[in-house]
Amino acid sequence: MSFQDLEAGRPLGSRQNLNNGKQDATQAVASGIFQINTAVSTFQRLVNTLGTPKDTPELREKLHKTRLHIGQLVKDTSAKLKQASESDHRAEVSASKKVTDAKLAKDFQAVLKEFQKAQRLAAERETAYTPFVPQAVPSSSYTAGEVDTRSDESAEQRGLLVQSRRQEVLLLDNEIAFNEAIIEERDQGIQEIQQQIGEVNEIFKDLAVLVHEQGTMIVNQCCR
């Protein structure tokens, strides 16, 4: 079974090959690639929102969680693919299984390329833009303006004005602190992206070697 079989909703049939109720490696790889492809599509939509009015701290958090989710799926699928490839070296393994695993490896390569593109774009946009934060309007500003327009400068009114201005200063301080926290969080996010890009690149290199080995193995078997 290839990734296209899962994507098209074809039944698993005799290829399910369960051992003690668990998926075999080939089945797990096909399922993993399907999940990665779905998650990458979501990730791409989130990345395309960066730099727009919808680019909020909440969206950045969702982007962060989706990125981590994909990263774990990639690691798990890579491990299962290696397991499937190692089993293909056994003499009793059929040629059809080897071909299936080789197709899955190429499918895995393709979805990793898409994720790499989205990662690079995310890094560029998260560096260039900060999330949009709606500006809070002090609820007491109208009261302060109203106090200013009145001619009766009573002690109570002056007290309200002073209190209002203190609240505005406090709000400004909080806004500055919040913006600084957003910038710090953005910088941490960019570092995480760079780290994950490096991890995916390493997996991609290993995958290229594995695909080459599978191709050679299939050719050798056909020539026997």
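The crossing of α2 and α4 is left-handed; a crossing has this hand if the near helix is turned anticlockwise from the far one by less than a right angle, and is right-handed if clockwise. Helices are DSSP runs of H or I with at least four residues, strands are E runs of at least two, and both are numbered from the N terminus. The model is predicted: local features need pLDDT of at least 70, side-chain atom pairs count only at pLDDT 80 or more, and totals for chains, interfaces and linings use all residues. Residues are numbered from 1 along each chain as its sequence is written, and side-chain values use heavy atoms, with hydrogens and water left out.

Helix α2 covers residues 25-49 and helix α4 residues 95-128. Their axes lie 10 Å apart, at an angle of about 20 degrees. Axes are lines fitted to C-alpha atoms, for helices over the stretch in contact, and angles run from 0 to 180 degrees between N-to-C directions. α2 is therefore roughly parallel to α4 (under 35 degrees; over 145 is roughly antiparallel, 65 to 115 roughly perpendicular, the rest oblique). The contact of α2 with α4 has 14 nonpolar, six polar and five charged residues. Ala, Val, Leu, Ile, Met, Phe, Trp, Tyr, Cys and Pro count as nonpolar, Asp, Glu, Lys and Arg as charged, and the others, Gly among them, as polar.

The structure holds one aromatic pair. The ring centres of phenylalanine 43 and phenylalanine 115 are 5.6 Å apart and the planes stand at 70 degrees, so the pair is edge-to-face. Rings of Phe, Tyr and Trp (its six-membered ring) pair if their centres lie within 6.5 Å; planes under 30 degrees apart are stacked, over 60 edge-to-face, the rest tilted. Phenylalanine 43 belongs to α2 and phenylalanine 115 to α4, 72 residues apart in the chain. Phenylalanine 43 is buried, at 0% relative accessible area. Phenylalanine 115 is also buried, at 0%. Buried means under 20%, exposed over 50%, partly exposed in between (1.4 Å probe, protein chains only).

Helix α3 (residues 57-87) also packs against α2. The angle is about 155 degrees and the axes are 9 Å apart. α2 and α3 are therefore roughly antiparallel. Their crossing is left-handed. This contact has 17 nonpolar, eight polar and three charged residues. Just after α2, glycine 51 takes a positive phi of about 90 degrees.

The protein chain has six helices and zero strands. Buried residues make up 37% of its 224 residues.
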